[in-house]
Amino acid sequence: TDFHELTMSGAPRASHTPSYEEFARDSGFLPPNDAGAEGGNGDDNDIAAKISHTMKRAFHDTVIQAIEGDPNFEPLQRMILELHGAVRSLIPRRADLHGRLSDDDVRAAASDVGS
């Protein structure tokens with residue numbers, strides 16, 4: 001069967017799984033390989049792209065900094081709790097699904113790491 005070829009979008013399955021670096025570059029978290037060739041024309045799209053890249057890079061750096069060295073998961077914990085709230089607001093009448101997003105588990109996991 002071709003069950004393993006199915007995708008959520010219905011688009012053909014990707015033949016290549018990107019490395020972390022490829023994914024980060026494609027997502028805008030890292031500058032493109034040719035970033036040394038700076039020569040933007042200063043238009044609004046160029047400025048917007050630079051701002052977008054800077055914000056994504058700051059997010060990426062915050063996450064990496066939180067998990068390297070002496071782990072501080074508080075920023076990640078806040079993000080997960082914020083995501084829980086956002087998902088709950090998308091499905092306000094599905095209290096059964098709200099219970100699947102356990103804020104208590106997130107808080108407990110963060111305190112387990114700290115002890």
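This passage describes the predicted model of a protein, from its overall make-up to selected residues.

The protein contains five helices and zero strands. Read along the sequence, its pattern is α-α-α-α-α. The mean pLDDT is 78, and 83% of the residues reach 70 or more. Helix 3 has the highest mean pLDDT, at 88, whereas helix 5 (residues 103-114) has the lowest, at 75. Where pLDDT is low, the predicted coordinates should not be read in detail.

Burial and surface were examined next. Of the 115 residues, 13% count as buried. The accessible surface comes to about 9300 Å². Carbon and sulfur atoms account for 57% of that surface. Among contacts with a separation of 6 or more, 36% join residues 24 or more positions apart.

Helix 3 covers residues 74-90, which makes 17 residues. At 1.5 Å a residue, this helix should span 24 Å. The buried residues of helix 3 are Pro75, Leu76, Gln77, His84 and Arg88.

A search of the whole structure finds seven salt bridges. Three of them are described here, beginning with a pair in helix 1. The side chains of Glu21 and Arg25 meet in a salt bridge, with 3.1 Å from N to O. Both residues lie in helix 1 (residues 20-27), four residues apart, so about one helical turn separates them. An α-helix has 3.6 residues a turn, so residues three or four places apart point the same way. Glu21 is partly exposed, with a relative accessible area of 42%. Arg25 is also partly exposed, at 25% relative accessibility.

A second pair is found in helix 3. The side chains of Arg78 and Glu74 form a salt bridge, again with an N to O distance of 3.1 Å. These two residues are four apart in helix 3, so they too are separated by about one helical turn. Arg78 is partly exposed, with a relative accessible area of 49%. Glu74 counts as partly exposed at 44% relative accessibility.

Asp103 and Arg88 meet through their side chains in a salt bridge of 3.3 Å, N to O. Asp103 lies in helix 5 and Arg88 in helix 3, so the pair ties together parts that are 15 residues apart in sequence. Asp103 has a relative accessibility of 19% and therefore counts as buried, the limit being under 20%. Arg88 is likewise among the buried residues of helix 3.

Arg88 also takes part in the surroundings of His98. His98 lies in helix 4 (residues 95-98). The relative accessible area of His98 is 18%, so this residue is buried. Leaving aside neighbours within four places in sequence, His98 is in contact with Arg88, Ile91 and Pro92.

Asp61 is partly exposed, with a relative accessible area of 35%. The C-alpha atoms of Asp61 and Phe29 are separated by 8.9 Å. Along the chain, these two residues are 32 residues apart.

Key:
Residues numbered from 1 in each chain as written. Predicted model: local features only at pLDDT ≥ 70, side-chain atom pairs only at ≥ 80, totals over all residues. Heavy atoms only, no water. Expected span 1.5 Å × (residues − 1). Buried < 20%, exposed > 50% of the residue type's maximum accessible area, 1.4 Å probe, protein only. pLDDT = per-residue confidence, 0-100. Contact = heavy atoms within 4.5 Å. Areas by Shrake-Rupley, 256 points an atom, 1.4 Å probe, with all protein chains shown as cover. Salt bridge = Lys/Arg side-chain N within 4 Å of Asp/Glu carboxyl O.
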